[in-house]
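Dear colleague,

I am handing over a structure for you to look at, and below it I have written down what was found. Please keep it open beside this message while you read.

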Amino acid sequence: MRFDVLTLFPELFAPFMASGVTRRAYESKQVEVVLWNPRDFAQGNYKRVDDRPFGGGPGMVMMAEPLTACLDAALAARGAPAPVVLFSPIGEALRHEAVERWSASEGAVLVCGRYEGIDQRFIDARVTHQISLGDFVLSGGEIAAMALLDAVARLQPGVLGDEASHVQDSFNPALDGLLDCPHYTRPEQWNGQGVPAPLLSGHHAQIERWRRDQRLAITAARRPELIEAARAAGKLNKADEAALKKKL
């Protein structure tokens, strides 16, 4: 798959793509990332990409013309139409289901806004999807783009050291959309605290029941709507319901 990223700060992506386990996805081109700077498509000696907002107010607004020329070049290089994604507070919250869809796609063009925002006429004419990471504002869309790229890259075959690693992630359908359980490693005793006894039992069924109960308890306490979604989908059995009742 290929992601073309329109950004005024392409240098931010170099260390991101060269670090951590997901670098395998970028090095192998399983997830190809091509960076485009709208400033390279701006007119005039100053290569201006922003201007004051009509109606007054603080800050600057990214201009439609350089973004349009940059996007056209990216799409031409791809050789085929592609979704155009803008990271924006009004976008749909990014969730695991959407990440799975993007991870099975051919990629997209990711538009990273800056300043007070982007000329709405560009958004209306060219953007096909808007995504939000949550109810807060970043200085630009680059961090949001990296979040999507990282989430997609780690789902690609061979990227993680253990193929089953992402299956045990929070929100994964394999966990019925629940939050993950706590994890422990050596030493067995640390700071006066031990490891929960079921994890030391060697009894696989007992271990799995403990982990399931922990996932249910944590999800019920932190994200009760995920419990309701799992229940509505018929994912909770009698043992699950008994565990939830015990925690109430």
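The axis of a helix is here a line fitted to its C-alpha atoms over the stretch in contact, and angles are taken between N-to-C directions. Please bear in mind that this is a predicted model.

With that in hand, the axes of helix α4 (residues 96-103) and α6 come within 9 Å and cross at roughly 70°. Because angles of 65 to 115 degrees count as roughly perpendicular, α4 is described as roughly perpendicular to α6. On the α4 side the contact is made by Val99, Trp102 and Ser103, and on the α6 side by Leu148, Ala151 and Val152; these residues divide into 5 nonpolar, 1 polar and no charged.

Phe16 belongs to helix α1 and Tyr26 to helix α2, 10 residues apart. Phe16 is buried, with a relative accessible area of 17%, and Tyr26 counts as buried too, at 7%.

Tyr184 and Trp210 form another tilted pair, with 6.5 Å from centre to centre and 55° between the planes. Tyr184 lies in the loop between α6 and β8, while Trp210 is in helix α8, so this pair ties together parts that are 26 residues apart in sequence. Here Tyr184 is partly exposed, with a relative accessible area of 43%, whereas Trp210 counts as buried at 13%.

Notes:
Residues are numbered from 1 along each chain as its sequence is written. This is a predicted model: local features need pLDDT of at least 70, side-chain atom pairs count only at pLDDT 80 or more; totals for chains, interfaces and linings use all residues. Side-chain values use heavy atoms; hydrogens and water are left out. Helices (H or I, at least four residues) and strands (E, at least two) are DSSP runs, numbered from the N terminus. Buried means under 20% relative accessible area, exposed over 50%, partly exposed in between (1.4 Å probe, protein chains only). Rings of Phe, Tyr and Trp (its six-membered ring) pair if their centres lie within 6.5 Å; planes under 30 degrees apart count as stacked, over 60 as edge-to-face and the rest as tilted. Axes are lines fitted to C-alpha atoms, for helices over the stretch in contact, and angles run from 0 to 180 degrees between N-to-C directions. Angles under 35 degrees count as roughly parallel, over 145 as roughly antiparallel, 65 to 115 as roughly perpendicular and the rest as oblique. Contact means heavy atoms within 4.5 Å. Ala, Val, Leu, Ile, Met, Phe, Trp, Tyr, Cys and Pro count as nonpolar, Asp, Glu, Lys and Arg as charged, and the others, Gly among them, as polar.
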